Amino acid sequence: MPRRKVRVGIIGLGHNGIAHLRAHLSLGLSEVIALCDRNPERVEKIGREYGINKLYTDESFFAHPELEAVSINTGDAFHSDPFITAVGAGKHVLVEKPLANSEEDVLRMIEAAKQAPPGLKIQVGYILRFNPVFEEIRRIAAEGRLGRIYYMEADYVHNLLYQATQTDSLTGGNWYLEHEIPIVGGGSHPLDLLRWISGKEVSHVFGYSNHEAFPAMKHDDCQVSLFRFEDGTIAKVSALYAPRCAMPPYYNLRIYGTKGTVERDAVACAASPEDVHPPFMPIAAPRGQGHPFEPEIADWLNAILDDRTPRTPLLDGASSTMATLVAARAMRDGKEAAVPIFRP
């Protein structure tokens, strides 16, 4: 007997929202029954293109009687209100990363989820956890082949100058230039990856930033943070939004352990204590391009259908987002700050 399909609605029909829509249609695990975007022309166009006739521009979207699950793909600064409304209405949620754009909103969202009906499956969209290379690196670390991890680094170095031209046709504004915080919007990707691979939690953070390469942004476009984990492990994460270069492979990932080292998509593991210079070997995993939306969405849908926890549940994703939000505050204040940890 074929499995039933999850009845899903998508809110926010920009680049990511449409990518999520296409992934749902290709997976066959869900039925997209409703779309929502504040721009009526956009929602009508996408609805016609994909044959979806339940179209909304406001919160009446959440009252659709058949809607089970909501995919939130609004701008980073606008995740919290649809999330709180969705969980309050008893809907499963996939919310794009970062979870929110302020510490206060993260706390509001966690509290709303606590008050929501039990059993909701919430996935935070830290999509790098679904890249096969990073999945294999995590497995190698979990097997102890790297030994005790003591230092990590990864970067979000991405030329995003084109974002300055992405004016909203409805409002004439540009939320990206006004609200985007690089260490949060970009840097939380690699920070989440380091947390996930190591299985460790951040306790404190400090950082520096400057504002040279992307003057149209309100926030500093070059932000670099040092994270200290509970066990003393150190990690460096940088977020640069206007380098004159292509994005470096595999986020410049480097992980150093007492038995082995990872550099991007290669690993060197010592065969014995005397093996001080083991050769680097390519990670044995497929090399994918772009964002693996389909496995991330499939994981969420299968969590709903199988009544299990998705790969990046709310509190886990909240810890990655909050660590980078505190990092941004530490940069502004010029002093180290403690990072709250949200444990299940």
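**Close-up 1. Helix α8 and the second largest pocket.** In this predicted model, helix α8 (188-198) gives the most to the lining of the second largest pocket, with four residues. Helices here are DSSP runs (H or I, at least four residues), and strands are E runs of at least two, numbered from the N terminus. A pocket is an open set of points on a 1 Å grid over the protein atoms alone, where a 1.4 Å probe fits and protein lies on both sides within 12 Å along at least five of seven lines; lining residues have an atom within 4 Å of a point. Among the 32 lining residues, P313, L314, L315, D316 and P344 lie nearest the centre.

Close-up 2. Take a look at one of the 10 aromatic pairs in the whole structure. Rings of Phe, Tyr and Trp (its six-membered ring) pair if their centres lie within 6.5 Å; planes under 30 degrees apart count as stacked, over 60 as edge-to-face and the rest as tilted. F61 is buried at 0% relative accessible area; buried means under 20%, exposed over 50% and partly exposed in between (1.4 Å probe, protein chains only).

**Close-up 3. The ring pair F134 and Y250.** These ring centres are 5.9 Å apart and the planes stand at 85°, so F134 and Y250 are edge-to-face. F134 sits in helix α5 and Y250 in the loop between β10 and β11, 116 residues apart.

**Notes.** Residues are numbered from 1 along each chain as its sequence is written, and side-chain values use heavy atoms, without hydrogens and water. Local features need pLDDT of at least 70 and side-chain atom pairs 80 or more, while totals for chains, interfaces and linings use all residues.
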